[in-house]
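Have a look at the structure first.

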Amino acid sequence: MGIVCMLLALATTPGTTRATDRYEPLKSFSQVMDLIEKTYVVDVERQELVQGAIQGMLQSLDPHSGYLDQEAFKDMQDETSGEFSGVGIEITMQNGRLTVVSPIEDTPAFRAGLKSGDIILEIDGESTQDISIMDAVHKIRGPKGSEVELTVLHQGAAKPERITVKRDVIPMQSVKTEVMEPGYLYVRITNFNENTTKDLRKQLEKKTKDLQGMVLDLRNNPGGLLDQAVSVADLFLSRGKIVYTQGKVKQAKMNFQAKEQASDIKVPTVVLINSGTASASEIVAGAIQDHKRGLILGVRSFGKGSVQTVIPLPDGAGIKLTTAKYYTPNGRSIQAEGIVPDIRLAFNPIEEKDEDSIFRTIRERDLARHLESGEEQEGEDEDTGQETSIDRRLKKDNQLRLALQLVKSLPVIKTLQ
């Protein structure tokens, strides 16, 4: 069968097993590395062996820890500070399978139809079984204009689908705002990068005149920087705890408190979450919920309640290591539990044919055999042909429609309590 059994002196005696020297296990590591160098069928560089061992060691800890080579470490820095080229998805390992946490809005992955919970079975025809997160990220990213083929199994689907996605520059503008009705603002945060709070403040300065209520949309927000989540939550809170973390080392034990600011948002607020709401966005939702600062609407969030620290190594590489778990102000751990909304409502998009029948406005000119006015029409009324993006979103998004109704009703509801 071509298998040669070799008896090597790698076993330890009972006395050695009881050794208290914490470096004793490194002897086995050194012996195995030496064995590979001497007897493996092809030559392998020692540096390659050490990097592989580090990668395997981190990968065995949890889905979010990993080794970053020089290129991956640079990509990580670009992702949180500016823009990068790729398809625009956050991925994780769930039950040993490469799983989409959420696509970033207005990216190739979002437009291609990838959704939270999708399982990526293959990348360019190569199986993702036993792949590391970092390797998967490296394979999916690439130059602008190039393509990557993903074999994806959607939730509830009977068979996988092959989706070809053209890579593009992923913009890191994470804040979008639109006026839903006079006095009521829609705020969408797609991720938390180093400019999120600054961008949010700028947009609020322009649109908070006569503000009466706000809908904060954190759906499909995969998270990002912890400090940005804290500063965004602080805009909604004047006092009290925002989040705290617990870990082994002193630096991993942090406690973030809200402080009163002139720019604090004090109007009634409804927060939208779903299964793609993860990590930093769960911090914001959890803080608002625990302080009863607003209503949380949607479905249970993803449940990523751990904090990763990116640590540079001397050779230009780095490691991403889970160093703490975070807890909401009331002491709830979100890890694997998620944020449970105050009002549970699944997303139920309206199909185009339903949209036409429910929302289309019928006028005299739409009726068969209607009488002409006898005058040539110079143009449409001001309210026709001018449908805004928020109008279209409200028509198709039942969660957003209810959120708007609730945020308008919150002042009345509070008086009834």
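Buried means under 20% relative accessible area, exposed means over 50%, and partly exposed is in between (1.4 Å probe, protein chains only). With 4% relative accessibility, Asp234 counts as buried. This is a predicted model, where local features need pLDDT of at least 70, side-chain atom pairs count only at pLDDT 80 or more, and totals for chains, interfaces and linings use all residues. Residues are numbered from 1 along each chain as its sequence is written, and side-chain values use heavy atoms, with hydrogens and water left out.

**Asp234**
- Asp234 sits in helix α8, residues 226–236 (helices are DSSP runs of H or I with at least four residues, strands are runs of E with at least two, numbered from the N terminus).
- Leaving out residues up to four places away in sequence, Asp234 touches Ile242, Ala258, Lys259, Gln261 and Asp264 (contact means heavy atoms within 4.5 Å).

- Thr196, Thr197, Asp199, Leu200, Gln203 and Leu204 are the buried residues in α7.
- Seen down the axis of α7, these buried residues fall within an arc of 160°, so they line one face of the helix (the arc is that of the directions from the helix axis to the C-beta atoms).
- Glu205 and Lys206 are exposed on the other side of α7.

**What α7 packs against**
- The buried residues of α7 pack against β10 (175–181), β11 (184–189), β12 (213–217) and α8.
- Thr196, Thr197, Leu200 and Arg201 of α7 meet Gln228, Ser231, Val232 and Leu235 of α8.
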